[in-house]
Amino acid sequence: MLAVFSCSSESNGEGDVIADTEPPTTPSGLEAENITQKSLYLYWDSAVDNVKVKNYSLYQDNKFLVGSGKASYFLENLIPGTEYTYQVLATDAAGNSSELSSPLNVSTMDPLEAELQYDSGNLEDYLGNLLDMVPGISANKYKVPTETDLKQWDLIIDAILDEDITEAVNQAVYLNYQIVEFTDIYSTPNQVYYILKEYDIRLNYWGTYVFSKTPKRKDLVLAAPHVLHDQKTGQQAAYTFRRNVGKALFLSGAHRCDTDESSSCDGTTTSCSTQYAPYRISDVPHNTNSAFQKTTENLFEALPNSVFVQLHGFGKESTDPYVIISNGTNKTPDKDYVVMIRDALLEEDNTLTFKIPHIDINWTRYAALDNTQGRYINGSSDPCSVPATATSGRFIHIEQERSKLRENETGWLKISNALGKVF
Ligand SMILES: [Zn+2]
């Protein structure tokens, strides 16, 4: 028979091994947070053991679910709108287990309702609130879409393009998205928009997509793919879209440097680090595997005269012009929107200076030759890794110095007027 003399299973110094038969204390303070429709985060106060707690066992509805080395666990693939009961016990290295903790009852969020939402006000304010919620650099919120996700996204966008909003709403719910029929009561006449946005509890951060019910400029698709990083471009795009009642507006849902993971597509940037480094996977104009890219592709195919204008911002160096406008290649298209936009901007502000890669052929800075939306629109066989060798002229990449066009409404009005003249 073995007697227990000490709190240790080490040798007692006289050659006898003392078994540890003392269990850890029962874990307490079990709590849940970040509760969504399908996931939640459980954590509890660490148990105490005479030697060391080795492991925690998590029980769901009185059945063992999983072990955890830490005093926390992230649960996924739960059923929406369901109550679960959790308990946890601690085990030490010798296999002594504590009692089960007191139970915690927690319900996942109710399943999303596939119902068209209604709202009204000023579109710019509405979108401004969404832009304010975009997470910043290294937040690691952006979810990489799976192939299945993008097939589902395709159904949503195609339904919107078919003006079957009910179908779009029904498909959107599977990706945690909803559609808001938004009436801008401050526009004369009032304008109605369909806003494809993520539910308030966000899981994906794939951005916000706005479609005019009755566009005035049917060929104009505006995009701000670098909201937050290219400061004010999201607000500028919303302002310009609203004043022109374009066909569609895309706003990215995460900072381009949100994820630490790299995109596999061509190109490098110093946007997220001091050295040149690959684009991040959350950098939607540099990653074909994104809802942003998919939306671009669907609209481009469905709307034969559509033109995709991306608003960007850069830090001007002394030798740089105020504006760099590119069609995504250094080729000259049949219909040269870049030149038309430049001329219209000069009418708004004759102090602006420009570089245009297909005209200033030695100019390479911010030429956007690796932009994956640009490459697609210009007919690349593989926009992730193959530059376009010709141009359709339907992709316009506008890089703007901050003070003249991007800083405030005075500048936004110039862009808005210029695009209004061209489209
Ligand atoms: Zn940019």
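Tyr41 has Phe74 in E5 as its bridge partner. The model is a predicted one, in which local features need pLDDT of at least 70 and side-chain atom pairs count only at pLDDT 80 or more, while totals for chains, interfaces and linings use all residues. Residues are numbered from 1 along each chain as its sequence is written.

Strand E2 (residues 40-45) and E5 run antiparallel and are joined by 4 bridges; strands (E, at least two residues) and helices (H or I, at least four) are DSSP runs, numbered from the N terminus. Pairing requires that DSSP find at least two bridges between two strands. The open sheet has 3 strands in the order E1-E2-E5, and the pairing is antiparallel. Strand E1 (28-33) and strand E5 (72-75) are its edge strands, each pairing on one side only. From one strand to the next, the twist averages 15°; angles run from 0 to 180 degrees between N-to-C directions, and axes are lines fitted to C-alpha atoms, for helices over the stretch in contact.

Elsewhere, helix H1 (residues 123-132) packs with helix H4 (residues 233-244) at an angle of about 160°, the axes being 9 Å apart. H1 and H4 are therefore roughly antiparallel to each other, a term for angles over 145 degrees, as against roughly parallel under 35, roughly perpendicular from 65 to 115, and oblique for the rest.
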